[in-house]
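Subject: Structure handover

Hello,

Here is the structure we discussed, with its sequence. My notes on what turned up follow below.

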Amino acid sequence: MTTLMFILGIVVFAVGLLFSIAWHELGHLSTAKLFGIRVPQYMVGFGPTIWSRKKGETEYGIKAVPFGGYIRMIGMFPPGPDGRLEARSTSPWRGMIEDAREAAFEELKPGDDTRLFYTRKPWKRVIVMFAGPFMNLVLAIGLFLTVLMGFGISQQTTSVSSVSKCVIAQSENRDDCKKSDPASPAAAAGLKAGDKIVSFDGVRTDDWNKLSDLIRANPGKQVPIVVERGGQEVTLTAKIATNQVAKKDSSGQIVEGEYVTAGFLGFSAATGIVKQDFGDSVTWMGDRVGDAVDSLAALPGKIPALWDATFGDGEREADSPMGVVGAARVGGEIFTLDIPASQQLAMAVMLVAGFNLSLFLFNMLPLLPLDGGHIAGALWESLRRNVAKVLRRPDPGPFDVAKLMPVAYVVAGIFVCFTLLVLIADVVNPVRIS
């Protein structure tokens, strides 16, 4: 049964992956057609074609390797300075440029002169290239909202899991009470496991962060605490102690290894599945976007540890870079966890949502051959042309993105090497959630 559930988790992620890729390319396809650009191919995957069908002027299909997708637009790059494809050259760099330029025109048909990608105004090209990543962002937001507002997420609540017997500075990292340790305010007030704190010092407490902030802000103060116990409300009185507690950041998350002096009640909050309202969901997603941007910026610095975990004896860190194989494996593990089926599904949806958020951010990097590289090229062309117009100089014409193809090949080579490293790591030393 466990093996079957593991396979089911992989299948669910694979379906989500294929849909995400198809959804991304649909953004490019729909806007390209909107602006009259001819699109000969719309493909999900790479390698040999396993199914395709031609509808109108576009061939739609699925390829064997589901690690990406593409649409083929004619005229992605402008012709050479003489208006034609340039002659072959013995220079390998020039050869890359000419190969890219030739591929952009290889499916040119009579009447296509007005349907080339490079002939569209820069703002239209920006829309076409941005539409793909934007579709991933829209899908990520939709999936996140579905889980946050429909299923709920695990978080600390205002219910009491356990009560500390004494006041211990959290920086000491111990649980045993000494004779010199004073009794915790929670224990002295008669707070019990299972109680739900309804209000603190007359303020209604609906969530843990609000309650935690109130406790921290009132050291030395004697306050009434209303709890729900056995279906009835009971009022307790506690004198909040002053203690060294873990520091929290602006989003309410604990900052590891940092402490502040603040109020201390002395109990552990129970965790539960809590549905979020729209405002809390937006805040949560904003925090995740910030985390994703930080992770993307920190990616180069994680490569040495990833290499050591792959080919050495280093441990695979929980926040280590993970590829499609690793994510599929995590998807399989999710469906083997001893949690309700609804939460298994919610976690799987979260995994696909996070994948789409990563696709959006990664593709927006201003590097060829990524979408962000083409966007940067179109914006640069627009800037050049507008500056020339203001200065009353001749129009410099389209920016020849094909000249950057040698750089694109280098970037693509780095991405391929990194992808292979992550793939091997996901096989020999995978990230585990259980």
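A residue counts as buried when its relative accessible area is under 20%. Lysine 302, at 17%, is therefore buried. Please keep in mind that this is a predicted model.

Salt bridges
A search of the whole structure gives 11 salt bridges. In one of them, the side chains of lysine 302 and aspartate 319 meet at 3.7 Å, N to O. Lysine 302 sits in helix H7 and aspartate 319 in the loop between H7 and helix H8 (324–334), 17 residues apart.

Another pair is arginine 316 with aspartate 426, whose closest N and O atoms are 3.0 Å apart. Arginine 316 is in the loop between H7 and H8 and aspartate 426 is in helix H11, so this bridge ties together parts 110 residues apart in sequence. Both arginine 316 and aspartate 426 are buried.

Arginine 385 and glutamate 381 also form a salt bridge, with 3.3 Å between the closest N and O atoms. They are 4 residues apart in helix H10, which means a separation of about one helical turn. Glutamate 381 is buried at 0% relative accessibility, while arginine 385 is partly exposed at 28%. These two belong to a salt-bridge network that links Arg125, Glu381, Arg385 and Asp395.

Around that network
Glycine 397 touches Glu381, Arg384 and Arg385, leaving aside residues up to four places away in sequence. This glycine is in the loop between helix H10 (371–390) and helix H11 (405–428), and is buried at 12%.

Helices
The axes of H6 (residues 278–297) and H7 (residues 299–311) come within 5 Å and cross at roughly 65 degrees. Ser295, Leu296 and Ala297 of H6 meet Leu299, Pro300 and Lys302 of H7. That contact has 4 nonpolar, 1 polar and 1 charged residues.

Threonine 31 is in helix H1 (residues 2–34) and is buried at 12% relative accessibility. Its contacts, beyond residues up to four places away in sequence, are Ile127, Val128 and Ala131.

Record and domains
The unreviewed UniProt entry places transmembrane regions at residues 6–23, 126–153, 345–365 and 407–428. In the model, residues 407–428 are 100% helix, with end C-alpha atoms 32 Å apart. The domain assignment gives domain 1 (1–38 + 73–147 + 353–428) and domain 2 (154–274), with centres separated by 52 Å.

Regards

Key
Residues numbered from 1 in each chain as written. Predicted model: local features only at pLDDT ≥ 70, side-chain atom pairs only at ≥ 80, totals over all residues. Heavy atoms only, no water. UniProt positions renumbered as here; feature names shortened; annotations may be inferred. Helix = DSSP H or I, 4+ residues; strand = E, 2+ residues; numbered from the N terminus. Axes fitted to C-alpha atoms, helices over the stretch in contact; angles between N-to-C directions. Contact = heavy atoms within 4.5 Å. Nonpolar A, V, L, I, M, F, W, Y, C, P; charged D, E, K, R; others polar. Buried < 20%, exposed > 50% of the residue type's maximum accessible area, 1.4 Å probe, protein only. Domains from an automatic or database assignment. Salt bridge = Lys/Arg side-chain N within 4 Å of Asp/Glu carboxyl O.
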